[in-house]
Amino acid sequence: MEPLAQLTGAKAIATLQTTIPPEAYGKVKDLSIKEFGSKTMLHLQPVGESAICTMILCHRNETMLSELKVVCQKTEHVLRLTLKEPFTLLGGGCTETHLAAYVRHKSKKQLPEVASLLGCSQAEYLLGVDIFCKSLESVARALEHDGRVSSIDLTHAHHWILPADVTEECLEESSDSCGCGLVRSNSNRKWTHLNTEYSDFCPAPLLRDAPVQPCVLDSFTAKLNALHVAVETANIALDVRYIIQDVN
């Protein structure tokens, strides 16, 4: 009803027991009948210029149509969040791998004072940091479904998807850019698989005047909310002393 009210200027009424003012009905410039396959729809055209757009989703399979509707609804929701708070993060798993590398480096650099502040041993603190970082990296690994492997470069800590049988000599030709498209491959780039241990390092910043622009971005609001929910859920599991194990 909200798009209909925006398109026509109509107003919701609380009861039919009183006289309805004429302006509550709203106005349309024209209406017509549209047919799309087996669907017959009433197309309303607004008076003057309107920010309301009509999108028709069609598919011969009802299951695929339902999935398409969900995708479009989620896309519209993320777009609204981005317009409300116009900030984005690097997509393609690069934000997660970059954040994991930075957290590992920062935590070891400030190990004694932070462990003392939290009232735990340094080993316990490092264990918690490692689990948190591996959780971030698992989000990046979940983006790959074609049998390839997820890797991280040891310079900028961006996420790379490489063939499973790639050799070190062929790494440069195996992937042109990272997950977000901001970092390009070159012969000096060093990678390691995300499911292996690597020495902590501080991710190097990218040149601000670089001509390459990222091609995959994530909504800042959506990703921040997901991180908050994940951390709160983990805290609840710890509070009730349940152990959650992934057997897949």
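Axes are lines fitted to C-alpha atoms, for helices over the stretch in contact, and the angles between them run from 0 to 180 degrees between N-to-C directions. The legends below describe close-up views of a predicted model.

**View 1. Helices α4 and α5 pack with their axes 9 Å apart.** Two packed helices are described by the angle between their axes and the distance between the axes. For α4 and α5 the angle is about 95°. Angles of 65 to 115 degrees count as roughly perpendicular, and α4 and α5 are therefore roughly perpendicular to each other. Helix α4 contributes L111, P112, V114, A115 and L118 to the contact, while Q122, Y125 and L126 come from α5. Sorted by class, this contact of α4 with α5 has seven nonpolar residues, one polar residue and no charged residues.

**View 2. Helix α4 (residues 111–118) has buried residues L111, V114 and A115.** The buried residues of α4 pack against α3 and α5. Just after α4 comes G119, which takes a positive phi of about 75°.

**View 3. The axes of helix α3 (residues 94–109) and helix α5 (residues 122–141) come within 8 Å.** These axes cross at roughly 170°. Angles over 145 degrees count as roughly antiparallel, and α3 and α5 are therefore roughly antiparallel to each other. From α3, the residues in contact are E96, T97, L99, A100, V103, R104, S107 and K108. From α5, the residues in contact include Y125, L126, V129, F132, L136 and V139, as well as D130, K134 and E137. By class, the contact of α3 with α5 has eleven nonpolar, two polar and six charged residues.

**View 4. W160 and W191 form an edge-to-face aromatic pair.** The structure holds three aromatic pairs, and this view shows the pair of W160 and W191. A pair of aromatic rings is described by the distance of the centres and the angle of the planes. For W160 and W191, the centres are 5.1 Å apart and the angle between the planes is 85°. The pair links distant parts of the chain, as W160 lies in strand β5 (residues 159–162) and W191 in strand β6 (residues 191–193), 31 residues apart. W160 is buried, with a relative accessible area of 0%. W191 also counts as buried, at 13% relative accessibility, because buried means under 20% relative accessible area.

**View 5. Y198 and F201 form a tilted aromatic pair.** The ring centres of Y198 and F201 are 6.1 Å apart, and their planes stand at 55°. Y198 counts as buried at 13% relative accessibility, and F201 counts as buried at 14%.

**View 6. A157 has a positive phi although it is not a glycine.** Most residues other than glycine have a negative phi. The phi of A157, by contrast, is about 60°. A157 is located in the loop between β4 (149–153) and β5. With a relative accessibility of 0%, A157 counts as buried.

Methods:
Residues numbered from 1 in each chain as written. Predicted model: local features only at pLDDT ≥ 70, side-chain atom pairs only at ≥ 80, totals over all residues. Heavy atoms only, no water. Helix = DSSP H or I, 4+ residues; strand = E, 2+ residues; numbered from the N terminus. Parallel < 35°, antiparallel > 145°, perpendicular 65-115°, else oblique. Contact = heavy atoms within 4.5 Å. Nonpolar A, V, L, I, M, F, W, Y, C, P; charged D, E, K, R; others polar. Buried < 20%, exposed > 50% of the residue type's maximum accessible area, 1.4 Å probe, protein only. Phe/Tyr/Trp six-rings, centres within 6.5 Å; stacked < 30°, edge-to-face > 60°.
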